Amino acid sequence: MMKRILFSLLLAGCCVPAFSHTFVWGSADVRYMKNDRPAACPVPDLRAWKGERVNAQAVFVPDADAELSAAAGDLRCGNVVIPSSCIQCSFVDYVIADYYGSRGENVSLQPDRLVPGKSHKVAAGETSPLWVSVQVPSGAKEGTYRGKISVSSNGKKFSLPLSVKVLGRTLPAPEKWAFHLDLWQNPYAVARWFDVPLWSDEHFDRLRPIMEKYASAGGKVITASIIQHPWNSQTFDPFESMVVKTRKVDGGWSYSYSVFDRWVEFMLSCGVTEQIDCYTIVPWGYKFDYFDEATATVKYIESKPGEKEYEDYILPFLTDFAVHLKEKGWFGRTCIAMDERPVDQMKAARAVVHKADPGFRIAGAVNYSPEAVDIMHDISVMFNYSDMPEDVLVKRTADGRYSTIYTCCAPEHPNTFTFSPYAESEYIGLSAAARFFDGYLRWALNSWPGNPCEDSRFGKWLSGDTYLLYPEGSSVRFERLIEGIQDYEKIRILRSEGNPSVLSELDAILMPFRTVVCDGSINAAEVVRKAKSELNRL
């Protein structure tokens, strides 16, 4: 309803003419607004490695109010078929967004949410983008496969030709990608949105398709909250502690890991298996909860790293936690994670961590410094921070440690907001490859605002900053992010072969992505399109 009202306001005072239907190929780089009249683009030149997922965008404008459905047929290359089950057609729905926090100003409807192509209501003359994704089977034969996509509207059927040229190289399955993707998951938002009891079977049933989609993008890291409200309740649905800490009557401590264990086991079953990041022993509010057995109430300790009360609380917990993790076989993949904390506090906290168990690993998003590099097994620096030396990055990778880039409410470009140019999501993966980082971190996979399917704004955060996946589907931003990760994997494979002439060509291809871009002066769509074409040629 909010979208309809806003669209009516946007058209207020305008005379809406009658339209004849339009169904044309568009560009996967263009955000088609509801009142755009799309110009026809050529049939997309889709080229893919075996096992790669490629995307295109068509645009349909009905001549009358309509309920649309979309479908794809098989793609054929002689007698060989890429079945229609490998092709997904999704309508691109609109969400409310503003621009750089200008709440109430510059408000618009932005195309972002992908909804299944089975049934989609559109008013006469409204633009309805259609996102087409083709998952090329890893066993496909080389060649050009041809077919069509179609849209049905009020009993009429319209179609467009679709073709994909499958190249001779093969992309590994997502679980074998080296790209270190860390998108923080928020299970509490899922329970609230679907109105199911927290940690119930119904809750996990709702979580599964969301987390499997994260795994299908090569997601490597499980987000676990081991302290209540580690980020000062900054999200619509705060993170609670997955570990219950009890101060016994005799002054000792006991710990319950039942929620933590079930969450980790669930995420492992979804295919997210590389790392467990536990947030955080340095919370933003320096406030730590526990259940006091003597009074049967929840109490809090307020203390910072370096203080005795802090160590008296954290040390017994981490000592017990290490034992539990080893019993579960998870200790080697677990990191005690710290987010955007001063180096002196991280050093003091690390001293307690390693007092509990010297084998504990540390992870987190921090500003680069030699001290931080020494502390961190997995370090993430802001995308536009350019001072991390290439030799340090290469050595950390060789040592089996991770160095990634992250975006949040900054930089302005590139980013993954609901108003960001689509190509900027893909740009991130290419930039990581060009600058020798191991991957990408984003603080919110699904920390949804109140109504994410209609309004992507939340508090002081920029529109879409809090989520990349919707409750029941993906976004164009997420799909283009996957394309960038696939680009990264292609570059990694080509580099590993050590062909001098190919390495020289890769250097030239990646040159535009080595510059830290904060002002939007580089046309992301243009440089990404050129890089993809060159990569597919090698």
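Biologist: Which residues does S431 touch, not counting residues up to four places away in sequence?

Modeller: S431 touches F383 and F513. Contact means heavy atoms within 4.5 Å. This is a predicted model: local features need pLDDT of at least 70, side-chain atom pairs count only at pLDDT 80 or more, and totals for chains, interfaces and linings use all residues. Residues are numbered from 1 along each chain as its sequence is written, and side-chain values use heavy atoms, leaving out hydrogens and water.

Biologist: Is S431 buried or exposed?

Modeller: Buried means under 20% relative accessible area, exposed over 50%, partly exposed in between (1.4 Å probe, protein chains only). S431 has a relative accessible area of 0%, so S431 is buried. S431 lies in helix α9 (residues 422-434). Helices (H or I, at least four residues) and strands (E, at least two) are DSSP runs, numbered from the N terminus.

Biologist: What span should helix α5 have?

Modeller: The expected span is 1.5 Å times one less than the number of residues. Helix α5 (residues 308-328) has 21 residues and should span 30 Å. Its end C-alpha atoms are 30 Å apart, which agrees. Buried residues in α5 include Y310, F317 and L325. Just after α5, G329 takes a positive phi of about 80 degrees.

Biologist: In what order do the five strands of the open sheet stand?

Modeller: Strands of a sheet pair through backbone hydrogen bonds, either parallel or antiparallel. Two strands pair if DSSP finds at least two bridges between them. Here the order is β1-β3-β10-β7-β8, with antiparallel pairing. The edge strands, β1 (22-25) and β8 (108-116), each pair on one side only.

Biologist: How many bridges join β3 to β10?

Modeller: Eight. V54 stands opposite V134 in β10.
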